[in-house]
Amino acid sequence: MTNPTMTGTAGTQPQPVPTATVALTGEPTTAEDIVAEQPQIAVLESTNSLLVNATPRQHAAIALVIAHVDREPETTSTPYVVYPLQNQDPEELASVLDELVNATIRAESRTSAQRTSTTGTGTPGTAGTTGTESKIQTSARPSGMGGPRGEEDITIVPDKATYSLIVYANKKNQQWISQLIKALDEYRPQVLLDATLVEISKDNDFTMDLNLVSKYPRMLPGGSMTTLSKTGTTGVVALKDPFPTGQILEGSVTNGSGVAFYADEHIQALLKLMDKKNYGRVLARPSILVKDNQEGQIKAEKTIYVGEEKTSTITGEGGNLSQSSDIQFKDYSSGITLKITPHIASKEVLQLQIELDRTDFDPSDPGTATIGDKTVPKPLNTVSSNVGTMAVLPDGATIILGGIETMTQTKGTTKIPLLGDIPLVGILFRGVDETDKQSRLYVFVKANIVRPGDELTGNSDIERVSRKKRDAFEQDEKNFQGLDSIPGIKPGKIQPEKILEDDEYLQTLRNRLDEKKKEKKEPVKVEVKLD
């Protein structure tokens, strides 16, 4: 039997950790013999070394193992990886990844717990780790425990400043996370939404009013109605006072409203007739560009201001109280809010989720309220309506939303009892007032899928759409600059003469096209003359 050899750190006399000793009976010759006789190994924490008592063959084997394990890594890897994003929002993508990671970790923990419960084995105090078949490595630390961060922990932090995700995870988890981020950070085509809001209003108002005044036995020229003795006022007011001489017939028509007056020595009559019809159209044509599955919002508002009086009591010198009134104006809004979320179902098909909210002021509301004996202004009453729908339409098609209608109709009649009910003749003893106000809102939504164009031609969907709007704007500018103040004299240009300059990107594309045209060689003509 050979004598044991002691190895350690020079200059120290460490105290070996008590270990089990095995009697060495002879020189081992095979691998089974090397491991059959266990060596003695002690850990020296003060010198960060191992003290080994073994045979020469065991020392050689142990030295190989230590040399393989105790070496510096070729490259130092960090668990933090920054993933720059090109298309997706960092916060939205981080929320999706966090939900996915947490759900998977919970599922893996339940699977590990069931496996431990079935086999009856496991390490106390651990939440369970996944096997080699699992794609996600979960942390082995129980939740709520302190201590350093585990290698299997996954932390995802969005960075809006750099438009990127910062992911803390080990190498295995970084692999599938990077693949998932790459798959989710795909380019999403944009959708151009052209909305046209048209409101058609109709206002019909019919009024007929007949006033009759008579005096018995007759109206003497220059006379007037009898004055009541008790009140000192006239009981019946004449239409024309003093009474005219002879017969009078007058009439006028103003803005479609007719007035006729007749008077003689027995009667005075005033007839007012009006039949008013108004039709109006309010048009708004906004356009917005949104990403696929991103909500776009169009809002058209009308704001009114209502004055409110506020009174405050001020204590002056000597305890005298005085009141101070202040008028403040508060704004109230009504209008239309249109929310559209497009989803590109296929190359040429779109799904549109549309929600329309409309709020109108009640036209019958006087806008005042009576408190005690005082009338004060108040906010107008509002009427709201909501429409929500889902539509599937081809690329470039238009959907029409109609039927959003408001209607206010009134019909009033005043009459003299009995006389006003006589057929035909009763119209002379009646007053008629009819009102019909209607408003219909039509919403047209046109959706176009906008894709990047060919870099060589520059004929992208965005350029074609922008060119159409740009041409319309430049035509308006041309009309503005060309308006002459003095006939025959060319008007001067108002600076800046041109508001929109050519885009650098479009100019670069045009230059490339010009260069490609120059590169095209003209065909060479060869003439051969034969004698």
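User: Where is N48 placed?

Analyst: N48 is in the loop between strand 2 (40-44) and strand 3 (49-54). One thing to keep in mind as we go: this is a predicted model.

User: Thanks. What is the phi of N48?

Analyst: It is near 50°, a positive value in a residue other than glycine. For background, most residues other than glycine have a negative phi.

User: And is N48 buried or exposed?

Analyst: N48 counts as exposed, because its relative accessibility is 74% and the cut-off for exposed is over 50%.

User: Which other residue has a positive phi?

Analyst: N293 is one, with phi near 70°, and N293 is not a glycine either. You'll find N293 in the loop between strand 11 (287-291) and strand 12. At 42% relative accessibility, N293 counts as partly exposed.

User: Let's switch to peptide bonds. Where are the cis ones?

Analyst: Another joins D241 and P242, where omega is about 0°. P217 is in the loop between strand 7 and strand 8 (248-254), and P242 also has its place in the loop between strand 7 and strand 8. In general, most peptide bonds are trans.

User: I clicked on Y305. Where is that, and is it buried or exposed?

Analyst: Y305 is in strand 12. Y305 counts as exposed, because its relative accessibility is 57%.

User: How far apart are Y305 and Q328?

Analyst: In sequence they are 23 residues apart, and in space they are 9.4 Å apart, C-alpha to C-alpha.

User: What about the open sheet of three strands, what is its order?

Analyst: That one runs 4-6-5, and the pairing is antiparallel. Strand 4 (80-84) and strand 5 (155-159) are at the edges with a single partner strand each, so one side of each has no neighbour in the sheet. Neighbouring strands of this sheet are turned by 20° against each other on average, direction ignored.

User: How do strand 5 and strand 6 pair?

Analyst: Strand 5 and strand 6 (residues 164-168) pair in the antiparallel sense over five bridges. There, D159 stands opposite S164 in strand 6.

User: What holds strands of a sheet together in general?

Analyst: Strands of a sheet pair through backbone hydrogen bonds, either parallel or antiparallel.

User: Next topic: which residues have the most contacts inside the largest nonpolar core?

Analyst: Those are L338, L352 and V443, in a core of 24 residues. The elements giving two or more residues to this core are strand 7, strand 13, strand 14, strand 17, strand 18 and strand 19. Strand 19 gives the most, with five residues.

User: Last one, the largest pocket. What is its volume, and which residues lie nearest its centre?

Analyst: The largest pocket has a volume of about 780 Å³. It is lined by 32 residues, and E199, K302, R358, D360 and S439 lie nearest its centre. Among the elements that give two or more residues to the lining are strand 7 (190-214), strand 10 (267-284) and strand 19 (430-450).

User: How does that lining split by class?

Analyst: The lining of the largest pocket has 13 nonpolar, 10 polar and nine charged residues.

Terms used. Residues are numbered from 1 along each chain as its sequence is written. This is a predicted model: local features need pLDDT of at least 70, side-chain atom pairs count only at pLDDT 80 or more; totals for chains, interfaces and linings use all residues. Side-chain values use heavy atoms; hydrogens and water are left out. On a 1 Å grid over the protein atoms alone, a cavity is a set of points where a 1.4 Å probe fits but cannot get out, and a pocket is an open set with protein on both sides within 12 Å along at least five of seven lines; lining residues have an atom within 4 Å of a point. Grid points are joined across faces, edges and corners, and a volume is the space filled by probe spheres set on the points. Helices (H or I, at least four residues) and strands (E, at least two) are DSSP runs, numbered from the N terminus. Ala, Val, Leu, Ile, Met, Phe, Trp, Tyr, Cys and Pro count as nonpolar, Asp, Glu, Lys and Arg as charged, and the others, Gly among them, as polar. A nonpolar core is a set of buried Ala, Val, Leu, Ile, Met, Phe, Trp, Tyr and Cys residues joined through side-chain atoms within 4.5 Å. Buried means under 20% relative accessible area, exposed over 50%, partly exposed in between (1.4 Å probe, protein chains only). Two strands pair if DSSP finds at least two bridges between them. Axes are lines fitted to C-alpha atoms, for helices over the stretch in contact, and angles run from 0 to 180 degrees between N-to-C directions.
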